[in-house]
Structures are given as structure tokens and as C-alpha cells.
Amino acid sequence: MIPANSHNFSSEIQKSNKPKTLNFLKTTLNSIQTYFSSHPRFWLFITFLFVQALVIFIVRTPPPSLPAEYATVSASDNHLPPPITIICNNTQSETDTPPPEVEECGIGKIYVYDLPSMLNKDLVLANCTDLNPWNWQCGIVPNHGYGNAATEFAGIFPGTLSSSWYRTNQFSLELIFHHRMLHHKCRTLEPESATAFYIPFYAGLAVGKFLWGNDTAKRDWHCRMMLQWVKKQKSWQRSNGSDHFMAVGRITWDFRRLTDPGKLWGSSFLNMPEMQQVTRFTIEKAPGDYYDVSVPYPTGFHPKTKKHIQEWQNFVRYYNRSSLFTFIGAKRGEIKNDFRGLLLSYCYNESDSCRVVDCGVTQCSTDSSAIHKALLGSRFCLQPRGDSFTRRSVFDCMVAGSVPVFFWKRTAYDQYEWFLPTDPKSYSVFIDHEDVRNGKSIKEVLMRYSEQEIRRKRENLIEAIPRIIYAKPNKGLGSFRDAFDIAVDEVLRRIKLEKEWADFVE
């Protein structure tokens with residue numbers, strides 16, 4: 001920002017007589033006029049900012065709880081609004097050929113780097129084709145990261161809804177984004193015409209292989225190789241990475257190893273100087289880092305059509321929920337004052353109101369049907385912190401139309417701003433974890449909400465479902481935009497505005 005050369009008119013004018021006031025105003029206005037006439041670049045700068053702000057306001061201003069451009073249709077088919085025509089289709093081709101150029105790419109075009117295979121494809125574990133509780137990589141490779149079909153849902157979800165469900169690994173973000181980027185409607189094969197550049201590096205897979213070992217050099221090796229390669233590209237050299245972005249399939253804290261010898265967890269990838277201007281999509285961001293953008297964890301729901309989205313929304317909207325709340329998780333015996341263990345014991349004691357899925361007994365990583373039965377059958381779902389501030393269960397909960405109950409404000413409230421309703425109270429409940437430790441009854445808090453209040457929260461969640469899932473087809477979902485569409489559009493818009501600003505001030 002450039003500080004404005006302005007005055008506090010009100011303090012200078014007050015208590016003066018009328019003639020002096022008029023003379024002062026005339027003198028001041030003449031001074032302003034003279035300043036603008038002698039500083040046309042300043043006036044042009046103000047005009048530029050005003051126009052940009054007006055465009056952003058028109059394009060992006062949403063209602064308080066649901067952005068209009070991502071809104072779903074009405075709950076009742078008898079009250080459907082006229083169809084909304086939004087050109088956002090991706091190409092249906094399964095090849096790497098980009099779609100024809102159309103006006104829908106006004107925000108800009110994207111160039112996808114063709115990295116050496118050792119930086120992406122070779123990192124995928126080829127001999128592990130399904131989820132395995134003893135191997136975090138299993139389930140990532142099939143179906144471009146979506147995983148194998150979740151056939152266990154055939155007897156749970158009606159009609160064809162089960163065909164939209166997959167055994168998706170929570171760390172598969174990099175593969176899903178890479179596949180979708182190759183078929184993005186605004187992909188270009190000419191780097192000279194690109195607004196932004198996508199780096200399809202599977203950092204999460206590269207680092208994850210070595211997280212539990214003591215060799216920190218191995219955790220950084222692929223990251224350094226990628227940066228050495230990309231720094232040789234002309235597009236990088238022009239911008240120093242400021243118009244580049246990528247997806248990182250693990251939480252940001254796995255890539256911020258400190259120099260302190262006692263802080264040995266993770267890679268130092270995001271602390272490397274070359275990464276300081278690269279935007280990265282990650283399932284949990286570092287609050288306050290402009291270049292970290294948190295995107296929803298991949299769930300198992302990947303609808304193929306707009307109709308499938310609407311059918312799922314109506315299914316969860318009218319599902320008979322016989323339990324007040326549910327908790328899904330396991331004790332962490334190695335953690336002092338384990339809060340998950342506290343919630344598990346509490347739910348067992350409140351079995352008339354709470355449904356429990358004890359992941360110490362049930363293999364939750366391989367039996368997601370037990371999880372979704374509990375979520376569908378409950379009005380609320382308890383969401384403590386995971387291994388970090390967030391966890392995938394938050395999104396499983398919301399996709400099932402169950403209201404999340406948070407115990408730490410950092411769990412979701414300072415994450416996922418582009419995807420969740422702006423008012424936390426409109427879709428969730430907050431109960432401080434210390435109050436629960438001191439004996440506060442979760443059941444009593446939740447029972448204070450009327451059926452009407454619960455219905456409003458659930459409806460806000462149901463309307464938000466398209467924005468927190470990753471759709472399956474390359475062509476998109478018509479008037480619905482999923483988490484991938486939103487993330488890429490917003491980053492493209494941000495990079496485009498930054499380039500316009502840089503061109504202006506030069």
C-alpha cells in the first residue's frame with residue numbers, strides 16, 4: 001500500500017465560523033485538485049485500485065453463509081430455480097491434449113510441467129492396490145488417486161449412489177490434482193501464453209517414505225531435485241516462482257522441519273528459499289502463511305454428475321437420524337490426558353444418545369461403511385483434533401450431513417476459508433475442550449439446540465457439500481463447482497491480479 005497524503009478534515013473544520021469554513025474547504029479542494037493534476041500517476045493508481053476492487057466485489061461477493069457462485073439447488077424439486085448456465089466444463093478426453101481455447105479462460109491459462117517421472121509417477125507404490133492399515137500409501141495408486149470402488153456401500157446407499165463412492169486414501173491429493181490439471185479447461189501447452197504454472201511434484205509421497213526414519217537428507221532429496229529442475233525453466237526464471245503453484249498431499253507441518261537438532265520431524269521443503277513465493281494447496285495450512293492454501297481432505301465421495309450430487313444431498317437431508325451424536329476414533333494411550341480417550345469413554349457412558357465407532361476395535365481404514373452408518377444416523381459428530389489441528393473425519397462428517405462439534409477453534413475455523421460457510425455458528429458447534437475436561441456435559445449442550453436450529457445448520461452443510469468434495473469426471477459438474485474448481489480458480493485469479501499489479505507499478 002502507498003500511504004495517502006490526506007488530512008483530518010473534521011478536526012480542522014470544527015468550531016470555525018461559516019466564512020472561514022467555506023474558505024478552508026475551497027482552499028483544501030483546490031489543493032487536492034492541484035495535487036491530482038500534477039500527479040496523474042497517483043490518480044491512475046487510485047483508479048486502478050478502485051476498478052480492481054469493483055471487479056472482485058462483483059465476481060466474488062457471496063451471501064454470509066453460502067457463496068452464490070458455488071450454491072446448490074433448492075431442497076425441493078418442486079421449487080427448483082431456473083437452470084443456471086455457467087460455462088465450467090472440463091474436457092472429457094482422457095489424453096493429455098488440452099481443450100480448445102474458449103472465453104471461459106478469462107482468468108488465465110495454466111501450463112502443467114512435465115516433470116521427470118522420479119518426481120511423481122515413480123513415487124507411487126505399485127504393488128499396493130487397496131487400503132491397508134499397516135501401509136499409509138495403500139489405496140493411493142488406483143484410479144488416479146480416487147482409489148478402488150467402495151463396493152461395500154451397495155447395500156447402504158440407495159440406487160446408483162454407491163457408484164460415487166471410492167476407497168480414497170486421505171493422502172491422495174497430489175494424484176487427484178495432477179489428473180484434474182491435465183484435463184483442465186484452461187490448460188495450455190504453450191508456456192508463453194500461461195498465467196500460472198502447475199508443478200505436479202508428489203512431495204507428500206516423496207517425504208512420507210522417510211518420515212519415520214532418522215535420515216533427514218533422504219526426506220529432502222526429491223524436494224531439492226525438483227527445485228533444481230524447475231529453476232532451469234524460463235518461466236521460473238522470469239517470476240522466481242511467484243506464478244507457480246502445486247498440491248501437497250500432507251499437512252504443512254510435515255514440510256517445515258526446523259534447524260533445531262531436536263526438531264527432526266518432516267522435511268524442510270517449505271523452508272527452502274525457492275519455495276517462499278510458490279502457492280501450495282495442502283490439507284492443513286500454517287495460519288498466517290499467504291502461500292499456504294488449505295483445501296479439503298479427500299473423502300470417498302466423488303460424484304460423476306450433477307444429478308448424483310443432488311441425489312446425495314436429498315439422501316442425507318431426509319435420512320432418519322436416531323442418535324443425537326456420534327464419536328469415531330480410538331484412544332491414544334501414548335498421549336498424556338488423551339482427549340480422544342475421554343470422548344470415547346464419555347460416549348460409552350451416554351450410549352442412549354451417542355453412537356460409538358471404536359477404531360481400536362473396528363478397522364476404520366478398511367471398513368468405512370461402519371463410519372458412514374454412524375455419521376448418517378447422527379445429528380452431530382464429535383471432532384477433536386487429529387494428529388494435528390485437523391483430520392479427515394471432519395469432512396466425512398460434513399459430507400454425511402452431520403453437524404461437526406469442535407473442541408479447538410483452530411481445528412477448522414482458521415482453515416478452508418474458500419470452502420466452508422463464513423459463519424462457524426451456521427454449520428457447527430463449539431465446546432471448549434477444557435470445559436469438557438472439567439465436567440461439562442456434551443449431551444446437555446447439544447440438547448439445547450431446537451430441531452429448527454439443527455435443521456438450519458444441517459442445511460448449510462448440505463448446500464456446501466459440492467464445495468468440499470472432489471468430483472470424478474473431467475468435464476466437471478455443470479453449475480456446481482467442487483473443491484478443485486474453487487481452489488484453482490481462486491489461485492488463478494490471485495496470480496492474475498498480482499501480475500497486473502506488478503505490471504502497473506513498473
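**Salt bridges in a predicted model**

User: Is Lys 496 buried, partly exposed or exposed?
Analyst: Happy to start there, keeping in mind that this is a predicted model. The relative accessible area of Lys 496 is 28%. Buried requires under 20% and exposed over 50%, so Lys 496 counts as partly exposed.

User: Which residue meets the side chain of Lys 496 in a salt bridge, and where does the pair sit?
Analyst: Both residues lie in helix α15 (residues 483–505). They are 4 residues apart, so about one helical turn separates them.

User: How many residues apart are Glu 274 and Lys 231?
Analyst: Their side chains meet in a salt bridge at 3.1 Å, N to O. This pair links distant parts of the chain: Glu 274 is in the loop between β4 (244–248) and β5 (279–282), while Lys 231 is in the loop between α6 (216–230) and α7 (234–239).

User: Are Asp 489 and Arg 481 buried or exposed?
Analyst: The side chains of Asp 489 and Arg 481 form a salt bridge at 3.1 Å, N to O. Relative accessibility is 7% for Asp 489 and 13% for Arg 481. Since the cut-off for burial is under 20%, Asp 489 and Arg 481 both count as buried.

Key: Residues are numbered from 1 along each chain as its sequence is written. This is a predicted model: local features need pLDDT of at least 70, side-chain atom pairs count only at pLDDT 80 or more; totals for chains, interfaces and linings use all residues. Side-chain values use heavy atoms; hydrogens and water are left out. A salt bridge is a side-chain nitrogen of Lys or Arg within 4 Å of a carboxyl oxygen of Asp or Glu. Helices (H or I, at least four residues) and strands (E, at least two) are DSSP runs, numbered from the N terminus. Buried means under 20% relative accessible area, exposed over 50%, partly exposed in between (1.4 Å probe, protein chains only).
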